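These are my notebook entries from a reading of one structure. I record what I looked up, entry by entry.

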Amino acid sequence: MTDALPSVLFVDDEERVLRSLRMLFRGRCEILATTSGREAIDWVRQRRIHVVVSDQRMPGVTGVEVLRAVAEHSPATMRVLLTGYADMDAVAASVNEGEIYRFVEKPWNGPYLLDVVAQAARVATRDFAAAQARATAAASVEPASVIAARVVVLDDGGAIAALVRELLPAAVHVDHARTLEEALSVLAEHDVATVVAQLSSAHGDVAEALKRLKHLRPATLAIVISPLRDSRLVIGLINEGQIFRFLLQPPVRELLRRGLVAALERHAELRANAGLQHRYGVEAPRGESPGVPGRLLQVWRRIREAAVARIG
Amino acid sequence: MNPALTTRARTPSAAAPADLQPLQQQTAPVDPHTSVLDVARLFLDPRHAGLLSLAVVDAGRPVGSISRYELMRVFLMPYGRELYGRRPITALMNAQPLVLALATPLDQAARAIATHIRSPITDDFVLVDADGCYVGTGLVLDVLRAVEGRLADRGGELERAYARLKSSQLQLVQSEKMASLGQMVAGLVHEINTPLGYVRNNVEMTRGALGDAAQLLAAQQAVIDALTGASEPDADLDVRMAEIEELRPRVDAAAMRDLCDLLDDTLHGVGQIGDLVSNLKDFSRLDQSGLQKADVNKLVDSALKIVQHLLRKREVSVVREAGELPQIECAPAQINQVLLNLLGNAIQAIEHEHGRIVVRTQALDGRVLILVEDNGKGIAAEHLARIFDPFFTTKPVGQGTGMGLAISHQIVEQHGGMIRVASKPGIGTRFLVVLPVEGRGKRP
């Protein structure tokens, strides 16, 4: 089979943006473009599309709605939001409902956008190939692997930890860590399915740690709960940390419950199929944080030692 | 310093209660048995020159007052002196004098005097302490002066309060403007970033293409030079030919046409950004004093532009009917603010898919009429009377200041115009703004 160019679908209500993007991506992929979100959803249903890049503010169907439909109908398709304004609700919805890969702001940086789409296309190509192989395998995840999972709640207060315990079945092991150190210890010792982190500061260690978590534990999913209505923070967590869910504090119980269940299921999937983990590839962290790397490095070392000990 | 003196010489401060204490005259009272003649002699005493009357006190309590006027009346009668001279003063005294406690507040004392007073003023009032014992008298004139002093103070206070109110009103108008501008920012940022996105990309693409074209030209030129030159072709020729092969498809006629289209797009985008910036400039100009001649149709179109992202987002169609209008004298930034307020409200009132806003302008009788009508949810009759009230809002807490219409109303009134509303819940709302062509002439 010849290596066909990946297909990329651009959705934006402004024709000129689409013309410009066509020029940028000329020759690199099969380009599809539409100003209608509804049409975009139809196309994704009808044929294989590797990457969808959509604007948010469109009349009719919004970008997040498009991406949510794409996530539902074609989960292997990678999703990117390219938008001129990042309002908090759209950003949160894009990660919670659209489970997007990257959030890119307009005006975009040409080489950066090319890179993001190229990476996404590579991942999608692999996944479409793997999906065919997986089609014969069991569709659902073994309940046992979900129940035996472990969840760490990083919460200096305790209210969120209590809530998480309440929402999960008793068989799920919930660790309550009051400090980042405690949480990292648990992460080093055990295979943690989900980290629920309470984030009170945009610039503290916790935010930095979340961004680097994917490098250490690609199969661990992060649910962030925060009172901060800071879209820049969440965009950073999406692009650099590929967090799984973002909930505003105080969290709506049902949303948190659904998020936890989804995270546990996803973790089980990732453990069963290590190849899927590359879907959560993250960008190199931007900016320096002197405090954290040292700690994470220690954790990383311990994990490595443990792994080496098991092998050797 | 004698401590007794310092404690007594305490001037009433502004914070001290304004009562009758400072007005007290420690006049010696008159015994009830004193004869009329003796009382007359007391009045002749230079120390009592300023007094209108003397108090008659029995066992420390005031029982009456005798006025100079009464004595004069009696002595002017034929044989008056002889008839009344030896009688006790109780025969002539006013047995119901005006008695006030020292601690009576100034306002209350003034009122009591006003109700008691007869013309001509013949009596001073008597002062007693908390137990009702005589302590002295007080001059009515002094009360008048004290009250006048108080009024002057209050006048100053009122002026200061008015000045503060005026400045906080200006702040409110400004913050309402900022609040409504803030609401627009979200959409405006998007409106600006979108053309900015493709403008930047197109320029980058063009630069890249120009670079390729330059390279292609150089390679082609080199080949031509080699062909027309005297010397043998060198190894470079191969490289040049390969370059040409590679670059030709990238820099072909189709690519050039596409790039031209992209540059047209770029110019359009830059124009859009320019428009938005100029609209913003119009809106933000503080323009407190400047009355200018402005075209209302242009102001309406400018306001529609600023809200166009909201219109698109909610799929609201706009019916625009622009009549021929004379220029009007106004503060354009303020009229802009009113228009934005009305349009914003109209859009927010629409909660269904078939939103429609009609904006009509018309000239009539030296005035300009602006109509903004929506087919939104309308305003209930009981709210209609209050919608121009400051802080009145039907929106949930946190949304809107409730000042928009109040300020719009004020702006229109200051321009010498008027603003009216009609509404039917479930059908829609209509606002009519009437502005005079001739300006009001004074500072808005």
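**Entry 1. A salt bridge inside one helix**

I looked up D42(A) and R45(A) first, and found their side chains joined in a salt bridge, with 3.9 Å from N to O. The model is a predicted one, and I read each distance here as a value computed from it. I asked why D42(A) and R45(A) are separated by about one helical turn. They stand three residues apart in helix α2 (residues 37-46) of chain A, and that spacing accounts for the turn.

R45(A) reaches 51%, and because exposed means over 50%, R45(A) counts as exposed.

**Entry 2. A salt bridge across a stretch of chain B**

I turned next to D107(B) and R150(B), whose side chains meet in a salt bridge at 3.3 Å, N to O. This pair links distant parts of the chain: D107(B) belongs to helix α5 (residues 106-116) of chain B, R150(B) to helix α6 (residues 140-228) of chain B, and 43 residues separate them. I noted D107(B) as partly exposed at 31% relative accessibility. R150(B), with a relative accessible area of 23%, is also partly exposed.

**Entry 3. A salt bridge between the chains**

Which residue forms a salt bridge with D265(B)? I found R19(A), with the closest N and O atoms 2.6 Å apart. D265(B) lies in helix α8 (residues 253-284) of chain B and R19(A) in helix α1 (residues 15-25) of chain A, so the pair joins two chains.

Is D265(B) buried or exposed? At 5% relative accessibility I recorded it as buried, since buried means under 20%. R19(A), at 34%, counts as partly exposed. I also saw that R19(A) and D265(B) belong to a network of salt bridges that links them with E14(A) and R16(A). Over all chains, I noted a count of 36 salt bridges.

**Entry 4. The nonpolar cores**

I then looked up the largest nonpolar core, which holds 49 residues. The members that touch the most others are L9(A), V52(A), F103(A) and F246(A). Leaving aside its neighbours within four places in sequence, V52(A) is in contact with L9(A), V11(A), V44(A), L67(A), V70(A), T77(A), M78(A), R79(A) and V80(A). A second, separate core has 44 residues, among them L339(B), I357(B), I407(B) and V433(B).

I asked why helix α4 (residues 88-96) of chain A is largely enclosed by the rest of the structure. Eight of its nine residues are buried, and I took that as the reason. I listed the buried ones as M88(A), A90(A), V91(A), A92(A), A93(A), S94(A), V95(A) and N96(A). They pack against α3 (63-73), β4 (78-83), β5 (102-105), α10 (231-241) and β10 (245-248) of chain A.

I looked up α3(A) in turn. Its buried residues are G63(A), V64(A), V66(A), L67(A), A69(A), V70(A) and A71(A). These pack against α2, β3 (51-54), β4 and α4 of chain A.

I located A130(A) in helix α5 (residues 110-134) of chain A. A130(A) has a relative accessible area of 29%, and I therefore noted it as partly exposed.

**Entry 5. A surface patch on chain B**

I looked for nonpolar residues at the surface and found a patch formed by L52(B), I117(B) and I121(B), with about 220 Å² of accessible area together. L52(B) sits in the loop between α2 (36-44) and β1 (53-58) of chain B. At a relative accessible area of 31%, L52(B) is partly exposed.

**Entry 6. Chain B as a whole**

I noted 13 helices and 12 strands. Of its 444 residues, 38% count as buried. Among contacts in chain B between residues at least 6 apart in sequence, 73% join residues at least 24 apart. Chain B exposes about 25600 Å², of which carbon and sulfur atoms supply 56%.

Key
Residues are numbered from 1 along each chain as its sequence is written. Chains are lettered from A and ligands numbered from 1 in the order in which they are written. This is a predicted model: local features need pLDDT of at least 70, side-chain atom pairs count only at pLDDT 80 or more; totals for chains, interfaces and linings use all residues. Side-chain values use heavy atoms; hydrogens and water are left out. A nonpolar core is a set of buried Ala, Val, Leu, Ile, Met, Phe, Trp, Tyr and Cys residues joined through side-chain atoms within 4.5 Å. Buried means under 20% relative accessible area, exposed over 50%, partly exposed in between (1.4 Å probe, protein chains only). Contact means heavy atoms within 4.5 Å. Patches are made of residues with over 30% relative accessible area and no salt bridge: like charges are joined within 9 Å, nonpolar side chains (Val, Leu, Ile, Met, Phe, Trp, Tyr) within 5 Å. Accessible areas come from the Shrake-Rupley method with a 1.4 Å probe; for residues, only the protein chains shown count as cover. A salt bridge is a side-chain nitrogen of Lys or Arg within 4 Å of a carboxyl oxygen of Asp or Glu. Helices (H or I, at least four residues) and strands (E, at least two) are DSSP runs, numbered from the N terminus.
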